[in-house]
Amino acid sequence: MKTAFPYPILAGDVKLAADAVWVDNIPLSLKLISDEERVIALHEIKRDWDEIRVKVSVSVDADELTAGVWTSPECMATVRNRKTNVRLTFPLHYDGGGIWSGEVELRRGEHVGRCEIDAWIVAEVKGVEGRLIGRAENRWSADFEAKQPTRQRSIKMVWKDFANHSFLNEFRDDPWMLDAEAGEPVLYLNSSLEGFRAVLGNPSGADQKLVREVMATQIASEAWTAMFNTALYACAVERGEPQWPGGWQEYVLRRMLPDFFPEISPDEALVELVGRRVSGESGSDLHARLMHSATLNSKKQKTVANTVRTLARMADVKDNS
């Protein structure tokens, strides 16, 4: 979906590609660059480095670019690191045929975790300079902690004794707690609850296996709910347009939003979602949709159905014995 602008913009896609990466002028292995995932994995750099350069290219429909009412279109690549609050802009060179190319620079002291690489096309429209007429359809991530060029899709789970932990002591009677405020979400499981670890880790019988399945599904459902709420409030609004938050928050939103609003695109769903949040309207409808999405993503429906069938069979066996 294209956000409505009070002036003409590019209707076609703006495609951003990372064509090559150099670490202090040494080429990075192509195995660590994924076009499909749009991720550059940088964890495997085995030495100190000062600067990483990423060669990027941006392409649009050349005929549309030429035929538009705008003049002097220019393209720039942007780099944003949310952890360090760094924002950098790199002008790109127009090569003709609707293609720009150039490099972005990532300096060691400016980045931790991951950064996002985006592309903007601006032009003069109806006498007004600096109008945004196009933006990359899909951004790239340069991940300084990733060993493989994939977007992280798993939650780190850690067993902790809540009663003897400074952060978790307040929740010492809870069986689990999700910390979604860190760089990546961490699910803490309470080892101080008697029998809890044994049931989740190594159930001894059919009854305990059923309990484990139901409990694991409930944990997953609550984790999806917590991550979604965190991701929603990570969405900034710039120039009146909701922005995808990047990182794991963006992955969660893109995965869950089609369950919220299946009849519209993810971009339209984000606008709808953030609009409802900002307007302060009753959240009952969104909460129902969130429960539905969390149920689907945790496979709760299947688990409950299988559990009911298994319990019924166990009851039949007991009655017939």
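Predicted model: local features only at pLDDT ≥ 70, side-chain atom pairs only at ≥ 80, totals over all residues.

Colleague: What makes H4 and H5 roughly perpendicular to each other?

Modeller: Angles from 65 to 115 degrees count as roughly perpendicular. The crossing angle of H4 and H5 is roughly 80 degrees, and these helices are therefore roughly perpendicular.

Colleague: Which residues make the contact?

Modeller: On the H4 side they are Leu-253, Arg-254, Leu-257 and Phe-260, and on the H5 side Pro-266, Asp-267, Ala-269, Leu-270 and Leu-273. By class, seven of these are nonpolar and two are charged, with no polar residues.

Colleague: Why is H3 called roughly perpendicular to H5?

Modeller: H3 and H5 pack at an angle of about 80 degrees, and their axes are 11 Å apart. The range for roughly perpendicular is 65 to 115 degrees, so H3 and H5 receive that description. In this pairing, Phe-228, Leu-232 and Tyr-233 of H3 meet Leu-273, Val-274 and Arg-277 of H5. The contact has five nonpolar residues, one charged residue and no polar ones.

Colleague: How do you know that the length of H4 agrees with its number of residues?

Modeller: With 1.5 Å a residue, the 14 residues of H4 should span 20 Å. The end C-alpha atoms of H4 are 20 Å apart, which agrees.

Colleague: Why is Gln-249 counted as buried?

Modeller: Buried means under 20% relative accessible area. Gln-249 has 17% relative accessibility, so it counts as buried. This residue lies in H4, which covers residues 247-260. Apart from its neighbours within four places in sequence, Gln-249 is in contact with Ala-231 and Ala-234.

Colleague: What makes H4 as a whole largely enclosed?

Modeller: Of its 14 residues, 10 are buried, so H4 is largely enclosed by the rest of the structure. Among them are Trp-248, Tyr-251, Val-252 and Met-256. The buried residues of H4 pack against strand E10 and helices H3, H5 and H6.

Colleague: Where are the nonpolar residues gathered in this model?

Modeller: The largest nonpolar core has 46 residues, and those with the most contacts inside it are Ile-40, Ile-52 and Val-54. E10 gives the most to this core, with eight residues. A second, separate core has 31 residues, including Ala-231, Val-252, Leu-253 and Leu-273. In soluble globular proteins, nonpolar side chains tend to be buried together.

Colleague: Why is Ser-72 called exposed?

Modeller: Exposed means over 50% relative accessible area. The value for Ser-72 is 54%, and the residue is therefore exposed. Ser-72 is placed in strand E6, residues 71-81. Its phi is near 50 degrees, a positive value in a residue other than glycine.

Colleague: What makes Lys-299 count as exposed?

Modeller: Lys-299 has 52% relative accessibility, so it counts as exposed under the cut-off of over 50%. Lys-299 is found in the loop between H6 and H7. Phi of Lys-299 is near 60 degrees, again a positive value in a residue other than glycine.

Colleague: How many helices and strands are there in the chain?

Modeller: The chain has seven helices and 17 strands. Buried residues make up 40% of its 321 residues.

Conventions
Residues numbered from 1 in each chain as written. Heavy atoms only, no water. Helix = DSSP H or I, 4+ residues; strand = E, 2+ residues; numbered from the N terminus. Buried < 20%, exposed > 50% of the residue type's maximum accessible area, 1.4 Å probe, protein only. Contact = heavy atoms within 4.5 Å. Expected span 1.5 Å × (residues − 1). Core = buried A, V, L, I, M, F, W, Y, C linked by side-chain atoms within 4.5 Å. Axes fitted to C-alpha atoms, helices over the stretch in contact; angles between N-to-C directions. Parallel < 35°, antiparallel > 145°, perpendicular 65-115°, else oblique. Nonpolar A, V, L, I, M, F, W, Y, C, P; charged D, E, K, R; others polar.
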